[in-house]
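Here are my notes on the model you sent.

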Amino acid sequence: MKVLVIDRDRDACEQLQTTLEAAKIEVTFEPTKNNAIELAKKGAFDVIIIDPAPANEMRSFIMGVRRSTNSFPPILVTSHTFAAADVAKAGGNEFIKKPIDKDELLKKIQNAARITEASRLMADESEDFPSKEGLIAKSAFNQLFITCLDRADRHGEKSFLIFVSVDNLSQIAVQDGQEQADKVANNLRRTISRTRRTSDIAGHIKKAEFCLLLLRPGREDEPFLAANRFAESLKENIDLIATSPTKAILKVWLLAIPSGEIPVEHVVQAP
């Protein structure tokens, strides 16, 4: 993982360097915002961390990074004075209060890196899947995903993705053959197509991985209830999905945008 840090506080940078390098994270420091924007354009960083001091203005930097990279790299803001609401309003992904807690720092970096990982997966055009039976192609779903990142950037708006996958698909292919693995993947696709609600926006993003988009949830608990309900639905249909000798292990997890946090995760398999 590659992290870019913009901070004029030398002591804070030394502490960050010690913490990140101990976690096997490659870190680059740049005290000047304009130079940092150029580095971000060239460097393909997974996460960017900035302390806006002394100017305490972060919106122009965040806009500069996203315009120059033509993407939405996750940006974590550290500060002694700001609050989380200020960061959300400016388009940042998360806030880390100074003095920095090491565990909180590493957790929020790992969370933010999930946004980068999801962005790269959605944008990968090497393999797409046709839109059919109520599931849209990855290329089309990617445009909706970008819209979520854009609305988080411009409005501080939260959205959620429910990911569903066959976690042991490669094991099934090795032990039972590719035909059996393909059948399990198709079983999962058909089950999601059949059991999803008409209002659900669902995409086929990998051979045996699917994603449902929850935009602007009406209640705070709505995304969590939706993920739990979806896991229960898969449990009820596990015999229709897990048809290979090596029984399929399904994973269901909820990804929060823009933080990258996974607040809910389920494992579903035959008893």
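1. Buried means under 20% relative accessible area, exposed over 50%, and partly exposed in between (1.4 Å probe, protein chains only). Cys13 has 11% relative accessibility, so Cys13 counts as buried. Cys148, at 2%, also counts as buried.

2. This is a predicted model: local features need pLDDT of at least 70, side-chain atom pairs count only at pLDDT 80 or more, and totals for chains, interfaces and linings use all residues. Residues are numbered from 1 along each chain as its sequence is written, and side-chain values use heavy atoms, leaving out hydrogens and water.

3. A disulfide is a pair of cysteine sulfur atoms within 2.5 Å. The whole structure has 0 of them.

4. Helices (H or I, at least four residues) and strands (E, at least two) are DSSP runs, numbered from the N terminus. Two strands pair if DSSP finds at least two bridges between them. An open sheet of 6 strands runs in the order 6-8-9-7-10-11, with mixed pairing. Its edge strands are strand 6 (135–137) and strand 11 (264–269).

5. Strand 7 (residues 159–166) pairs with strand 9 (residues 209–215) in the antiparallel sense, over 7 bridges. Ser165 has Glu209 as its bridge partner in strand 9.

6. Contact means heavy atoms within 4.5 Å. Axes are lines fitted to C-alpha atoms, for helices over the stretch in contact; angles run from 0 to 180 degrees between N-to-C directions. Helix 5 (residues 102–123) lies across strands 7, 8, 9 and 10, at about 110° to strand 10. Helix 9 (residues 222–236) lies across strands 7, 9, 10 and 11, at about 5° to strand 11.
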